[in-house]
Amino acid sequence: MKSVSKVFGAGAQAFRALDDVSVDIRQNEFFTLLGPSGCGKTTLLRLIAGFEQPTSGEVLLDGRDFSGKPPYQRPVNTVFQNYALFPHMTVAQNISFGLEMLGRPKDRIKAVTEEMLRLVQLEAMADRRITQISGGQQQRVALARALAPQPKVLLLDEPLSALDLQLRKEMQLELKRLQTDTGITFVFVTHDQDEALTMSDRIAVMNRGEILQVGTPREIYNKPQHRFVAGFVGEINLLPAETTGVNEFSIAGGGCLRSSEAAHVPVGGQAVLAVRPECIALSEPSDGSLTGVITNVVYHGTDTIFHFKLADGQELRARSQNNAARVQTFATGDQIGWSVDPASVSVLADDP
Ligand code: ATP
């Protein structure tokens, strides 16, 4: 996708849903578009599918420009949020219907339908009507139906949002397995960061019609490059700071932090440092250590969140695992020391 923009409406009503988006989605990868409601995820998916045309820019599939081609002439299929299954047909008929429309030979249709039923583990339900199976099973039928014509790319628009949490977790693993087994490129839309981190080979984080960062789940979580990305994916502490060296910073709440990343701004310039709560180590205060005062302690079973305040009033959070071998016991009002490994300090660019 090269420099793609999409404007809906015209004149004073014009709305730029996508603004100069360029991204390369690789063959055979599980690629996720992650962002808040209204950021343009569905629009981007619809441009790949051919349901919408870009206002400017190019959508290339396998290096070929498919601009202007209708959805059915693209090597792409879509799984919709509401599944869009045919209620009066059986599970097997739902899967074979698309193949019949494509005019595939009868014996081939039968073989592929059986293979798809096996793939989504619904062989025993082949003759049931859609109304006689559960929501999770319907989701699998929708997947099988979309995979049956063997598209090069499968587009999935929040396909798990109708499922309860338990089933959703199971289907996340199932989808990842299906993608690995079939080798088909999956482009998956979600606003759920956990879902994105669990399943994806790479994630594109979007906001207001732009892609802010593309990376592996680990890169997105550990090395966010924008404030928005840092805040949207997981919990984060943001520390305003002044650059005092190549990778040294004086933080507004008092004291110094180092980062293994170089500063984007010259000495004397303002920066924002991002630190995950689990990367802050608390200790008894000592000479030269960064200090704070505990303001709240929240127990979560597997871990405890310690809220603490710096001298300038800024509140930070530290997450400590409740590992019996090293339980941390601080209480509200305690003076503490805190530290962060420089490898866990990200230096953020301002959002565009
Ligand atoms: P959600 O998670 O809520 O589905 P999204 O990130 O998928 O959100 P889009 O559906 O791509 O967002 O919409 C992006 C923006 O474009 C929204 O502000 C939406 O109102 C606008 N939009 C989408 N389709 C149209 C249209 N046909 N006409 C006018 N505006 C549109």
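Trainee: Which residue in strand 4 is the bridge partner of S5?
Mentor: S56 is the bridge partner of S5. Keep in mind that this is a predicted model.

Trainee: And what about K2, which residue is its bridge partner in strand 4?
Mentor: That is E58. Two bridges join strand 1, residues 2-8, to strand 4, residues 56-58. The two strands run antiparallel.

Trainee: How many bridges pair strand 1 with strand 2?
Mentor: Four, again in the antiparallel sense. Strand 2 covers residues 15-21. F8 stands opposite F15 of strand 2.

Trainee: What sits between strand 1 and strand 2?
Mentor: Six residues, and the two strands form a hairpin. G9 is in the turn, with a positive phi of about 75 degrees.

Trainee: In what order do the strands of that sheet come?
Mentor: The order is 2-1-4. It is an open sheet of three strands with antiparallel pairing. Strand 2 and strand 4 are the edge strands, and each pairs on one side only. From one strand to the next, the twist averages 20 degrees.

Trainee: Which helix packs on it?
Mentor: Helix 1 does, touching strand 1 and strand 2. The direction of helix 1 makes about 70 degrees with that of strand 2.

Trainee: How do strand 10 and strand 11 pair?
Mentor: In the antiparallel sense, over five bridges. Strand 10 is residues 202-207.

Trainee: Switching to helices. At what angle do helix 2 and helix 4 pack?
Mentor: About 25 degrees, with their axes 8 Å apart. Helix 2 is residues 91-101. The two helices are therefore roughly parallel to each other. Their crossing is right-handed.

Trainee: Which residues of helix 2 and helix 4 meet?
Mentor: V91, N94, I95 and G98 in helix 2 meet V141, A144 and R145 in helix 4. By class, the contact has four nonpolar residues, two polar and one charged.

Trainee: And what angle does helix 2 make with helix 3?
Mentor: About 135 degrees, with the axes 9 Å apart. That makes helix 2 oblique to helix 3. Helix 3 is residues 106-119. The crossing of helix 2 and helix 3 is right-handed.

Trainee: Which residues meet there, between helix 2 and helix 3?
Mentor: Helix 2 brings A92, I95, S96, L99 and E100. Helix 3 brings I109, V112, T113, M116 and L117. The contact residues divide into seven nonpolar, two polar and one charged.

Trainee: How do the axes of helix 4 and helix 5 cross?
Mentor: At roughly 20 degrees, coming within 11 Å. Helix 4 is residues 135-147 and helix 5 is residues 165-182. They are therefore roughly parallel to each other. The crossing of helix 4 and helix 5 is right-handed.

Trainee: Which residues make that contact, in helix 4 and helix 5?
Mentor: G136, Q139, L143 and L147 of helix 4 meet L167, M171, L178 and T182 of helix 5. That contact has five nonpolar residues, three polar and no charged ones.

Trainee: Last one. What does UniProt list for residues 1-233?
Mentor: The UniProt entry, which is unreviewed, lists "domain: ABC transporter" for residues 1-233. In the model, that span is 36% helix and 23% strand. The end C-alpha atoms of the span lie 24 Å apart.

Technical notes. Residues are numbered from 1 along each chain as its sequence is written. This is a predicted model: local features need pLDDT of at least 70, side-chain atom pairs count only at pLDDT 80 or more; totals for chains, interfaces and linings use all residues. Axes are lines fitted to C-alpha atoms, for helices over the stretch in contact, and angles run from 0 to 180 degrees between N-to-C directions. Angles under 35 degrees count as roughly parallel, over 145 as roughly antiparallel, 65 to 115 as roughly perpendicular and the rest as oblique. A crossing is left-handed if the near helix is turned anticlockwise from the far one by less than a right angle, and right-handed if clockwise. Two residues are in contact if their C-beta atoms, placed from the backbone, lie within 7 Å. Ala, Val, Leu, Ile, Met, Phe, Trp, Tyr, Cys and Pro count as nonpolar, Asp, Glu, Lys and Arg as charged, and the others, Gly among them, as polar. UniProt positions are given in the numbering used here, feature names are shortened, and annotations may be inferred rather than shown by experiment. Two strands pair if DSSP finds at least two bridges between them.
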